[in-house]
Amino acid sequence: MADRREDAHTAEDDDGCLRRVMAVPLGILYLLAAGFCYSAWTIRPSGTWDEDAYGAITLFCFLAIVVSVIALVVTAAPPAVAGAAEGPGRRARAR
């Protein structure tokens, strides 16, 4: 009976540690996405003929979306990865 409590406590500690570890890359990714958004916001075309500025705005918007999708995947992936890493034996003992 004590083993079950220890296994449950260990699983809770692993989840908390995983959240702290994943917070660093997620923070970096979201800061990068915010930087791309800010860059797209601050670029001002010189006129209607300034295709380079419009292209840069489009590129920064696209990069912000890509980085945000990557961060979303990283956010959603750890529970699935942690569940698969446990294996069937560890899940059966935890019950």
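Keep in mind that the model is predicted.

Let's start inside. The largest nonpolar core has 7 residues in all. They are Leu 26, Leu 29, Ala 33, Phe 36, Ala 64, Val 67 and Ala 71. Helix α1 gives the most, with 4 residues. As a general point, nonpolar side chains in soluble globular proteins tend to be buried together.

What does Ala 64 touch, leaving aside residues up to four places away in sequence? Ala 33, Phe 36 and Cys 37.

The structure holds 1 aromatic pair. Phe 36 and Phe 60 form that pair, with ring centres 6.0 Å apart. Their planes sit at 25 degrees; under 30 counts as stacked, so this pair is stacked. Phe 36 lies in α1 and Phe 60 in α2, so the pair ties together parts 24 residues apart in sequence.

Phe 60 is at 22%, and so counts as partly exposed. The cut-off for buried is under 20%.

Last stop, the surface. Leu 59, Phe 62, Val 66 and Ile 70 form a nonpolar patch there. Together they have about 350 Å² of accessible area. Take Ile 70, in helix α2. Its relative accessible area is 42%, so Ile 70 is partly exposed.

How values were computed
Residues are numbered from 1 along each chain as its sequence is written. This is a predicted model: local features need pLDDT of at least 70, side-chain atom pairs count only at pLDDT 80 or more; totals for chains, interfaces and linings use all residues. Side-chain values use heavy atoms; hydrogens and water are left out. A nonpolar core is a set of buried Ala, Val, Leu, Ile, Met, Phe, Trp, Tyr and Cys residues joined through side-chain atoms within 4.5 Å. Buried means under 20% relative accessible area, exposed over 50%, partly exposed in between (1.4 Å probe, protein chains only). Helices (H or I, at least four residues) and strands (E, at least two) are DSSP runs, numbered from the N terminus. Contact means heavy atoms within 4.5 Å. Patches are made of residues with over 30% relative accessible area and no salt bridge: like charges are joined within 9 Å, nonpolar side chains (Val, Leu, Ile, Met, Phe, Trp, Tyr) within 5 Å. Accessible areas come from the Shrake-Rupley method with a 1.4 Å probe; for residues, only the protein chains shown count as cover. A salt bridge is a side-chain nitrogen of Lys or Arg within 4 Å of a carboxyl oxygen of Asp or Glu. Rings of Phe, Tyr and Trp (its six-membered ring) pair if their centres lie within 6.5 Å; planes under 30 degrees apart count as stacked, over 60 as edge-to-face and the rest as tilted.
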